[in-house]
Amino acid sequence: MKIIDDDTGFVDDGNGHVSGINTMLIEWKKDDAGRWIMSDVAGSEKFYKCDIVLLAMGFLGPEKEIIKELSIKQDPRGNLETPRSKYSTSVPKVYAAGVNKNQEQALIQDKRGQSLVVWAISEGRQAARQIDLDLMGHTSLAGSGGIVFYPED
């Protein structure tokens, strides 16, 4: 379900407070590239009377404007393209982490459930490690599993 996304979605009580919301059911379909596309279900409009609205929104992909502005390469699903097990993008000194950084990660997102936050923290740490390595030429930050790898001289 979604809140109707024009000027009629949130209903005002005349005093600047919400008194209800107009909603519509949505349907998820895959396009030719395998991306999930949201489409409205015609005739499913419904009004809910309320005095407070709490929004719980899932992740719908990376920010498109910054990707376009920086000309970062994307995979066919619209995720940031990175080498396998790496965090660098097609633009030097621009890194990506998280479950939607590449197709492999996106495919396992649904299996992770509540552990998604833990994985996001881990991905962020690994991205920081790669950035440190790229900038300094070496790193003392822990790798996967908390193991610190020192290069052999």
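K93 lies in the loop between α1 and α2. In this predicted model, the phi angle of K93 is near 65°, a positive value in a residue that is not glycine. K93 has a relative accessible area of 68%; exposure is assigned over 50%, and therefore K93 counts as exposed.

A second residue with such a backbone angle is S85, whose phi is near 60°, again positive without the residue being glycine. S85 is placed in the loop that runs between α1 (64–70) and α2 (103–112). With a relative accessible area of 60%, S85 is likewise exposed.

The charged side chains are considered next. The count of salt bridges comes to 2. One of them joins K29 and E27, whose side chains meet at 3.3 Å from N to O; this pair qualifies because the nitrogen of a Lys or Arg side chain must lie within 4 Å of a carboxyl oxygen of Asp or Glu. K29 has a relative accessible area of 44% and is partly exposed.

R35 is partly exposed, at 34% relative accessibility. For D31 the relative accessible area is 23%; the buried class ends under 20%, so D31 is assigned to the partly exposed class.

Technical notes:
Residues numbered from 1 in each chain as written. Predicted model: local features only at pLDDT ≥ 70, side-chain atom pairs only at ≥ 80, totals over all residues. Heavy atoms only, no water. Buried < 20%, exposed > 50% of the residue type's maximum accessible area, 1.4 Å probe, protein only. Helix = DSSP H or I, 4+ residues; strand = E, 2+ residues; numbered from the N terminus.
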